[in-house]
Amino acid sequence: MATLIVLLVLVLFLAAIFTGGYNRQFLERMRNSRTWDWLTTVDHKKIGILYLMGGLLFFLIGGLEAIFMRLQLFAPGNDLFVGRTFNELLTMHGTTMIFLAAMPLIFAIMNAVVPLQIGARDVAFPFLNALGFWLFFFGGVLLNLSWIFGGAPDAGWTSYTGLALNQYSPGPGVDFYVLGLQIAGIGTLIGGLNFIVTIINMRAPGMTFLRLPLFTWTAFVTSGLVLFAFPAFTVALLLLMFDRLFGSNFFDHAMGGSTVIWEHLFWIFGHPEVYIVILPAFGIMSDVISTFSKKRLFGYNSMVFATVLIGFLGFMVWVHHMFTVGLGAISNSVFAVATMAIAVPTGIKVFNWLFTMWGGEIQFKTPMLWAVGFIPTFVIGGMTGVMLALPPADYQYQDSYFVVAHFHYVLVGGTVFGLFAGIYYWWPKMFGKMLNESLGKWHFWTFLIGFHLTFFPQHFLGLFGMPRRVFTYQTNVGLERLNEISTIGVAGMLIGTIFFLVNIIYTLRKGPKAEADAWGLGRTLEWSIPSPPPEYNFAQTPLVRGFDALWVEKEAGNKTMTPAEPLGSIHMPSPSYIPIMMSLGFFIAGFGFIVRGIPAAVFGLIIVFAALFLRSFDYDRGYHVEPEDPEKGGKE
Amino acid sequence: MERLRIWRIGLLISLVTLFLAGCSGDPSLSVLDPKGSAGEIQLNLIYWSLILMTVVFVIVITIFVYVLVRYRKRKGKDIMPEQVHGSTKLEIIWTVIPIAALIALAIPTVQYTFELAETPPAEDTVIIDVTGHQYWWEFKYPQYGITTAQEAHIPVGKKVLFRIHGEDVLHSFWVPSLGGKMDVVPGRVNTMTLDAKQPGMYQGKCAELCGSGHALMDFKVFADKQGDFDKWTASMKQPVASVSATSSEANGEKIFKQNCIGCHAGVSQIKAPNLNKFATRSTIAGILPHNEQNLKIWLKNPQAVKPGTLMPKIDYLNKDELNDLIKYLDSRK
């Protein structure tokens, strides 16, 4: 606690020094600074960029943890990271990648793209949008602080109880998991709610549900999944928090609790979570493949139907993570058949992508490369997914490296490839600069080869009897060579990621400016406005006359969208410091609970309530801007 | 140029196949080389699903490669593709065919799931009560009154019912060569029926993260011919021969009673493996090969061998005392 206060004072001093000392202009200077602008922004485009940067930061941290683990497993008997340290690495790698990399990167693209695709000027609740981001960010920081303050969580990203209870995981590690994810989870839940309302209420005239671009559709379904899945996790975390902090016994079998309850709650959340991160990737694929094939998406209606069906079935299959818990043959069979059923809508999607390209004119720009690389990779992940759905076979695969291979094929080969496709595709829209194509291609090829080299051999490691989450393995049972290959493959993904970072830095400085229709093939509304879009996105709300709204206008010979309203002043929401203040309050409260410093926890909660109070009596009604007339060639 | 590339890919694939054929895992630890009926059933299903899935994969990849080659943008040409909406006929095809394939997969799946869950008739079955502890395995034979640890013996050709108990955290009981796994859930008793068709040693693993020593929570299952199994049970039931009062073993026994017996004979809260027939075990702590040198390494610093183990350091004995203790332990047959 004392350290924290010293740090806070230091920060204040630094702020004072860099702003020219505390004087009357201090507040003015602060308010006009760019930092303050970013900290208080409620603009969905800026929040999208914040999510992107936050997500990439945690992606690098999670990647580093993966590299450490693969180095340890390079040879049997290594002693680089053993025992508890290795368990901390595997826990933090999984937790970071799912909650702090995949989720925010998805929210980054949703923020940057969804309002533009539906012809809206912002999301429905800009304030909540900012709050969602800052809660995620502070939750993530809190979780990662565990490395410095007493050890990271070490019970796996699934944090199965038994092991996650005080008796078996002493120290604050798992508390960081519980409170860090609880705080980040509130942010995610808020974000999901916001996008549901946005997509229902903020569509431009003519943008009916069956004209929504597929990425928006998947964002919609994903938000719905967030809304129904996260509460289960919130409850699970709350119960675990009570067990660990206040001595309750929900999960302690010796006191009449049950670890199986945790497993159910976790996977009732955890399985839909898998679809939360994969569905937006499907959406990105659909948009990218259609754009770079110069063709309308094949079977749009069935794509929408498949998305909704996958989202729905996603809630019906969680027990397939628990086939070996001993729930009995009936329960295992029912959930096995339900799981297999998901293969049908997923298959529909894959064939629709293939037939979107069929008869098109395919241009292999970087986003398209990622989309094309996605298809075989994801199909392999889907194949092993069906294989894992069969309980008798799963008794062998469960908790072996086969499972590790499978979920990396869907989460990296699916979600990460999808995210890279989306980032390359919409980067010009977000930043107004084109990313470099040849660096992008280097990124793709090194990452793709490295990925398959790392994870393909892991299928065999599992079948040869290597359980997952082990820090070492025996010699002379046929595991050495495959583990070596797997570790070497990581280098490919590392080099690819470095190409990506170099590309970002290089392009932000020197990249060519992007046109409104950056790829020249734009089909949806976001390509009808400048890159990056002005603060208010659309000077005039567009009138949507069909699916692929911009393409419809292009086919009709129009260069721009037909406006649905006269040019007039636009109402914008004011920036607010309350989201970051409230999140900071949660952060302090969480930290207080973790170190069992109840005064600090109370102090944090006071900040939260103060922020709530301020917000309730905030009479700021926003401001108006006069858009520049696009007819007169307005400059941004 | 195109042909050259295809050749190269072909060469690469055949090399990879050859390489993988070369290493098919160890026969004592491989899912792909089952030695019991459960493992065989499971491998059948694995192969059946793999065949179906490979057919799907080949179809997808054929269309995929064709589309990418045939419809890529060619230099100097700028065509406007026809904006097709979809095709009901095609969509019905790729909905119905996968459903049919999945039914072909679901039928044996459900059948096998129920088959594997069956409990065999008690009179014809060897029952073993397994308990998973952090980080060792306890085996009790209620029909024979035997308690042992780390190494289980089973008769070849007989059904063995494992009743799986847990006391601390989740573990998972897995003998890949004999059949798939079953979780150790504290507060529940799970059952799993396995059998071995050939005599031999089969390795077992803990498959559920259970703490720092998870990676080293190994055990062994020895499948013996019925005669050998009967001999083994008889010898296990015989009390350990008492040591002569003046020997160094006697001194070792004294040290054992002063230092070890609390945990190792189940008096204390902490449970440790029963060391009654320690000399017959092939490993120390389930991982180190059983010899004097390794026993010393283990006793002096168990944490260095198996992180997280509850076994304390026995580094305070002098050289003679340590040797006596080891002699005593290795006399317990």
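**Strand 6 of chain B and its surroundings**

Tutor: In chain B, strand 6 and strand 7 form a hairpin, with three residues between the two strands. The model is predicted. Strand 6 covers residues 171-175 and strand 7 covers residues 179-184; the two run antiparallel and are joined by four bridges. One of the facing pairs is His171(B) with Val184(B), the latter in strand 7 of chain B.

Strand 6 of chain B also has a partner in strand 9 of chain B, residues 200-206. This pairing is antiparallel too, and it rests on two bridges. Here Phe173(B) has Cys206(B) of strand 9 of chain B as its bridge partner. As background, strands in a sheet pair through backbone hydrogen bonds, in a parallel or an antiparallel arrangement.

Next, the side chains. In a regular strand they alternate between the two faces of the sheet. In strand 6 of chain B, His171(B), Phe173(B) and Val175(B) point one way, while Ser172(B) and Trp174(B) point the other way. Is this strand enclosed or open on one face? Residues on both sides are buried, meaning that each has 20 or more other C-beta atoms within 10 Å of its own. Because five of the five residues of strand 6 of chain B are buried, the strand is largely enclosed by the rest of the structure.

Chain B also has an open sheet of five strands, in the order 3-2-1-5-8 and with mixed pairing. Strand 3 and strand 8 (190-194) of chain B are its edge strands, each pairing on one side only. On average, neighbouring strands in this sheet are turned by 25° against each other, with direction ignored. Within the sheet, strand 1 (residues 125-133) and strand 5 (residues 159-166) of chain B run parallel and are joined by eight bridges. Ile127(B) stands opposite Leu161(B) of strand 5 of chain B.

Now the domains. The assignment for chain B gives domain 1 as 24-70 + 88-238 and domain 2 as 248-330. Their centres, taken over C-alpha atoms, are 32 Å apart. At the boundary, 19 residues of domain 1 of chain B are in contact with 14 residues of domain 2 of chain B. On the domain 1 side, strand 2 (136-141), strand 3 (146-149) and strand 10 (219-224) of chain B each supply at least two residues. Strand 3 of chain B gives the most, with three residues. By class, this side has seven nonpolar, eight polar and four charged residues.

The last topic is chain A. Its contact with chain B takes 74 residues from chain A and 79 residues from chain B. Helix 11 of chain A gives the most to the chain A side, with 15 residues. That side divides into 42 nonpolar, 24 polar and eight charged residues.

Leaving out residues up to four places away in sequence, Ala421(A) touches Ile284(A), Met285(A), Val288(A), Pro367(A), Trp370(A), Ala371(A) and Phe374(A).

Conventions
Residues are numbered from 1 along each chain as its sequence is written. Chains are lettered from A and ligands numbered from 1 in the order in which they are written. This is a predicted model: local features need pLDDT of at least 70, side-chain atom pairs count only at pLDDT 80 or more; totals for chains, interfaces and linings use all residues. A residue is buried if 20 or more other C-beta atoms lie within 10 Å of its own, exposed if 12 or fewer, and partly exposed in between; C-beta atoms are placed from the backbone. Two strands pair if DSSP finds at least two bridges between them. Two residues are in contact if their C-beta atoms, placed from the backbone, lie within 7 Å. Ala, Val, Leu, Ile, Met, Phe, Trp, Tyr, Cys and Pro count as nonpolar, Asp, Glu, Lys and Arg as charged, and the others, Gly among them, as polar. Domain bounds come from an automatic or database domain assignment. Axes are lines fitted to C-alpha atoms, for helices over the stretch in contact, and angles run from 0 to 180 degrees between N-to-C directions.
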